[in-house]
Amino acid sequence: MSSNVATNTPPVVGNPMGTGNRRGDIIATAVVWLLLLSMPYWMALIGGYTELAIRIVVMGLAAMSLNFLLGFTGVLSFGHAAYFGLGGYGVAMCIKYLVPSTPVAMLVGIATGTIAAMVIGALIVKLRGVYFAMVTIAFGQVFYFIAFRWNNVTGGDDGLSGWSRKALDLGFTTIDLPGNDKAYYYFALFVFALCVGAMALILRSPFGRTLIAIRENERRARFLGIPVDQHIWMSFVISCFFAAVAGCLYALLSNFIDPRALRWDQSGNFVIMAVLGGMRSFWGPLLGAAIFVALQDYVSSQTENWMSFIGVFFMLIVIFFPRGILGILKRSVTK
Amino acid sequence: MTKKVELDLSPTRRRFIKAAAAGAALQMTGPFLISARGEQPVKIGIDDCLTGTYAAVGKNEVIGATLAVEQMNKKGGILGRPVELVTEDSTSGDAGTAVQKARKLIDRDGCDFLLGNVNSALTLAMADVAYEKKKIMVATGGHTDAVTGAKCHYNVFRICNTTQMEANAVAPALIKNAGKKWYFITPDYAFGHTLQSGLEKAGGKLGMQKVGGDLTPLGTTDFSSYLIKAQAAGPDVIVILVQGDDMINCLKQAVQFGLEKKVHLAGAQQELEPLLGLPPEARIGTWVFEWYWNQPNVPHVKEFNAAIKAKTGHMPTARTWFGFAAAHACALGANAAKSVDALKVAKALQNFKLPPEVALMPGVPYFRAGQNQLIPNQWVGHAIAKGSGGPEDLFHVDEVVKVGEAAGTLEESECKMQWPS
Amino acid sequence: MSQVLLFNVFNGLIVGAFYALMALGLSLILNLSGVINFAHGGFLALGAYLAYTLLPHVGFWGALIIAPVLTAILGLIAERILIRPLYGRDPLYSLLLTFGLAYVLEDVSRYIWGAQSVPFSIPSWLTTPLSSQFFFLTGYRIFMVLLVGIAVAGLFIILNKTRLGMRIRAGTLDLETVSVLGVNVRILRNLNFGLGIYLAGLAGVLAAGMLGLQPTIGTSLIMPSFVAIIVGGLGSLPGTLLGGLLIGVASGVTTVYFPSATEAVMYVMMGLVLLVRPRGLLGEEGRVQ
């Protein structure tokens, strides 16, 4: 899987996620954050709505978490929805059955997804390529069936409803998450910022550079003495950790979680978002998620045949813009 | 000498393009909102399955609602204001999308009423949204008991039957036509579970003996192994509770196995859509319908059939009627309450009787107070390959169950309605 | 109980034969071109719908012969236009492309033939069971197994006795060398894809006889096919056949003891095989990158 992807990439210097122009990167990051911070306000002007904005942020985080593994380590997982969904179920079951508190529920959800990833990652780390992808699907589907079958606890196919996100009591003030959509948006954005910041730090660290080395040429990395399997395991766990966080936010967004959040087509959507925006860049998946979510929302309101439009659009991107939307711009600069 | 024209793709400019692209992508999220002055229409949002497995039945619900809105507007709309139906695709299984669309309908489009969904799980999720946003929701086709049962809300109403109601209606016919030994083939989700337990309860009172049962995952394509087990248990009747495509697969295979010659094949809920998808030799069995178009002696039904036939070229199904009645219920409630405020409309709809041109049945259906569940007639009968009424007359009605006869009590529904102060 | 078990094993073989048919087409395409064809289910649906449209004109047998050929032609066109640009790139891209194609095929089917399931009748003499006791051995299901047998035999003959087949086999092992030897690899891949899609179309016609025909008929059959390939071993057609049969039997047996896990069991099998013997039961050593 890694060999073909290696062609066409410029040598990696400095910031692995940037283009070598430090000032440009800072401005770009600033612009992205400016847009994100003000999204609820300009969204409404172009026909969006706050919930859509939250969904973009949540899906963006999920796609970026997948990209940590796919774009930066060069390993394709088609079962990320499992950890996304486990995060969601953790949150839902915690609020419904244990402690009705949003932060505690998030910790439970994140822990659930991450522990599952640690166990499963250890089992599958020796596989590569399409085998790795298929085995991630297999485990994802097993979780799907558990959620589906364990009706009494998970609500089965009907999903887990009858709970909702709780207000955040910070001692000096209470943030009304359930009642105020904008409040929840900024909460989600705050969590997103923490995760994205952590991801960026990890990628800039020597560990992150090693991952990229593995992506570029695994055999060479191995010959250099790098314990490749352990690195891949760590990358998998980190990636699933962030996916679980996204899953928590997702469940809190809808006040609902159901087995479909765990299914392989949900995983497929994350891959699509990452590729659409550009797997090789840091912000690419966020852009991909924004386009995917917004496009699907808009087109499905206009026509029943939205699946054709999305399918054709996606095929065009894959054939003509394999580096995604961001990839075109990047490549033309670094030639 | 040619001068190479270069795009100014300096990093700063490039990043701006990136940001602009993101903005442009989001531009596609819809037309600019134009604030209208003057007469603001009342919007009814319908969030139903237009793609995926439930597309056929979901589409029919939307068609029924569309006709209702047209009729409403001819009669002056709601409180003198024109009515607009806003349709969104919930997809057939993605609750996240259904919830997102429900919020879109209420927040962005300003809908005062919410209709939907075919899928029980999505209906429950949407009901929570309606409850949070304090808007009236009339559930069209999600049958799970909880919607007007354990999870009922003051502002959520339902047109279609509960599974207990269906079980009560059809159990006597199953005992009479088939026998007492039943084997269940049940879809493995809440709808199936409650339908089976409802049948066990109703049948139990009449001496039913359960000889076995299987829970089948949704989307099962091959029922042969379940049918083998069923036949080996020696029942009088195999009670097929799976719906939609699963129903088609199961019945098709059962008939191919020649099982209908050895045991009865029957069930509870049945609809025109699966019967249309079955080859004629597989259209058999005792079932209950929640609404049927072939009612020659009931006024207004002929006009309804004609109007739907003009729109789609087909006869209306129960799903068409669900959407139709649901939309009308919103208008009737609002006009009765002289307001679109959820609390007032909800109060106005308690024990509300649907007028004949909306009810389209011999009895007078009403929303039971304290439960918000519509209590209508039911049609018990058997499927036929082709009836006298035409190529879509695939059900022979043996008995029309009177309003309320099979409805159970309010206590049994487990609904403890809480009204806001 | 043991009779039920025995019946289910037999029946599992029948169901497994059907899975194998679908998986073989997928395997052919994967082995030679490295394309993971997520749109296989969409082509299956197309094959079924084309047969449904042809039924009143040429009858069941005519539809059985013509519909898969038509589907194969559509497959050839799709390969030429959509997939060919992606060779030489990471297999991820062809996977994603077929993902998008699957969306389009489902929507187009719904657009042309409607969301409502359509009734598909097979000749009545085929639907009668062979005996009252073995009621699940209907003429149709026996016919299906025979047809799968013929298809597998036909495939075997093509692959082993014709030049095209030899080239496909060689190409599966080393496409670059085959190309250097002067074979037009583009046409080879194209024909191979068409052959795989022919099998999908054939599976579609057979499926329509047993299942309800609606736009999503193929989507639930895609996963068992992948599992069959993985369990049997990537790169091995006999392995795919074996994989399909195994899944069928495993599902049947699971129904007897633990019915709600009937679908889950195939994923458990896939997981086990991948962990214990990643190359699959009959797969070749060295195929795991």
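**Two domains of chain B**

Mentor: Happy to! Chain B is assigned domain 1 (42-161 + 297-376) and domain 2 (164-289 + 380-401), with bounds from an automatic or database domain assignment. This is a predicted model, where local features need pLDDT of at least 70, side-chain atom pairs count only at pLDDT 80 or more, and totals for chains, interfaces and linings use all residues. Residues are numbered from 1 along each chain as its sequence is written, chains are lettered from A and ligands numbered from 1 in the order in which they are written, and side-chain values use heavy atoms, with hydrogens and water left out.

Trainee: How much area is buried between domain 1 of chain B and domain 2 of chain B?

Mentor: Buried area is the accessible area (1.4 Å probe) that two parts lose on being put together, summed over both. Carbon and sulfur atoms give 55% of the area here, and the total is about 1300 Å².

Trainee: Which residue forms a salt bridge with B:E271?

Mentor: A salt bridge is a side-chain nitrogen of Lys or Arg within 4 Å of a carboxyl oxygen of Asp or Glu. Between domain 1 of chain B and domain 2 of chain B the count is 1 salt bridge. For B:E271, the closest N and O atoms are 2.6 Å apart, and the partner is B:R319.
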